[in-house]
Amino acid sequence: MKYFYRLGHIPELGKIEYKSVSESEIENSTTKWIITDNSVNTHKTGSLVFGGVVHHIWNQKTLNLKDFQKTLSNIIKESDGKYKKVGFAVLPKLRNNLLQQIKKAGAKKINIISRSEPNFGNWKGLKHWFITFSIDDKIYLGEITSFSNQEFWAKLDTKLPHLDMKRGIINLKLARSLNNLTKNKNVYDPFCGQGRLLISAMDIKTNYIASDIDEEVLPELQKNYEKAVQVWTNKWQYIEKNDDIKLATINSIEAIGAQQIDTLKNDNLKDFSIVTEGYLGKTFGKNPKLKEITEQWEKIKNIWINTIRKSEEVGIKEIVFCLPYYPSYRPPGSNKVEPLIPDFIQDLNEGTDYQYEKLGDETEYILYTRKDSRTGHLILKLTKR
Ligand SMILES: C[S@@+](CC[C@H](N)C(=O)[O-])C[C@H]1O[C@@H](n2cnc3c(N)ncnc32)[C@H](O)[C@@H]1O
């Protein structure tokens, strides 16, 4: 059996998250799709949009309409009424006469859309969707079996009582992906802020420790967490019926700087992985000066050098974290924009036993940005040798 997954807007993140959650490799991929031998629940990830089983693969050249519709009809006929209500997002050339064929095969309610993929609303209405897509010289026929619940994430976002725009609001799905980059169920966020890292993955982790240098933010984290427990408990986060989920608990919350994690009262840190957005520095206006950026970077570099040393002292084995980068920096005198990447990544783990894991296709880091955002997240993972 083969499976397919639709990657989100940062394909490299989807690929590494898939590998980490499934503990397996990817057979084939493009910027949109991955094909694999192992299934994962799309809901458990932050970056996979939907996924399912591959029913059939054709060669582009040899695929004809009759063959396609016969294969599809057989799947429906042999399903014992599973596809009474069914949707299709298939290539235009495969839509001819499709409705009649599918009716003949036994489906009663049929939705054929002209887009190449259903959206979450389409999916929620019907649950059974067939889709075609091409990779290289092959055409795949897939059936979507899980779809990331966009409504749940929007609801969780709007229900949280504390949102500090100045501090920066990490996208909850990015936060979930970061959590998935470690298998450890015990997670420590030493730059916790209002706790979105923790809130995004309460169903996939067990214990949290949270700390932040700013003590004012900690009651806000507590309030956000309490509200998040209610939202997560509504039991509709996966759409399909699901076993009761056990939500993670917060073991401790403390006001300390990340460079002082050796003074944390919690003494079993060696069982925890650090997963954090980190501190991303000042939020800049349109085109910050290089000097302003390097000042922020210098500060962040020092925080991380010390934090990583202390992490080693307390026995932490993995650190998933972000540095700020500037996706559309315009060098003086130029009218072209280009990403500006921190130049100190290799300095952070020097003299320690941590090494970077390769997260991207070619690089140890992944660059994550959203349309129009001025500061991007450069995602890194350090592992103890
Ligand atoms: C980008 S925000 C993190 C937001 C957080 N991910 C959330 O969900 O709210 C960065 C946080 O780092 C904290 N911070 C800055 N310098 C710090 C340091 N040296 N040690 C610990 N926390 C620090 C700030 O107070 C702020 O809450």
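This is a predicted model: local features need pLDDT of at least 70, side-chain atom pairs count only at pLDDT 80 or more; totals for chains, interfaces and linings use all residues.
The domain assignment divides the protein chain into domain 1, residues 2–148, and domain 2, residues 151–384, and the centres of domain 1 and domain 2, taken over C-alpha atoms, are 33 Å apart. Where the two touch, domain 1 contributes 14 residues and domain 2 contributes 16 residues. On the side of domain 1 that touches domain 2, the elements giving two or more residues are α1 (11–22) and α4 (120–126), and it is α1 that supplies the largest share, 6 residues. Sorted by class, this side of domain 1 has 5 nonpolar, 5 polar and 4 charged residues.

In soluble globular proteins, nonpolar side chains tend to be buried together. The largest nonpolar core here has 60 residues, of which Leu-178, Leu-198, Ile-319, Ile-366 and Ile-379 touch the most other members. Strand β13 provides the largest share of this core, 7 residues. Because domain 1 (2–148) and domain 2 (151–384) both give residues to this core, it lies between them. If neighbours within four places in sequence are left aside, Leu-198 is in contact with Asp-189, Cys-192, Tyr-208, Ala-210, Tyr-225 and Ile-250. Another core, of 31 residues, lies apart from the largest one, and among its residues are Phe-4, Leu-7, Trp-33 and Ile-34.

Which residues of α9 are buried? They are Ile-293, Ile-303, Trp-304, Thr-307, Ile-308, Lys-310 and Ser-311. An α-helix has 3.6 residues a turn, so residues three or four places apart point the same way. After α9 comes Gly-315, whose phi is positive, near 90°.

The last stop is the ligand, which is surrounded by 21 residues, the closest being Phe-191, Gly-193, Gln-194, Arg-196 and Asp-214. Taken by class, the shell around the ligand consists of 10 nonpolar, 6 polar and 5 charged residues.

Conventions: Residues are numbered from 1 along each chain as its sequence is written. A residue is near a molecule or strand if its C-beta atom, placed from the backbone, lies within 6 Å of it. Ala, Val, Leu, Ile, Met, Phe, Trp, Tyr, Cys and Pro count as nonpolar, Asp, Glu, Lys and Arg as charged, and the others, Gly among them, as polar. Domain bounds come from an automatic or database domain assignment. Two residues are in contact if their C-beta atoms, placed from the backbone, lie within 7 Å. Helices (H or I, at least four residues) and strands (E, at least two) are DSSP runs, numbered from the N terminus. A residue is buried if 20 or more other C-beta atoms lie within 10 Å of its own, exposed if 12 or fewer, and partly exposed in between; C-beta atoms are placed from the backbone. A nonpolar core is a set of buried Ala, Val, Leu, Ile, Met, Phe, Trp, Tyr and Cys residues joined through C-beta atoms within 7 Å.
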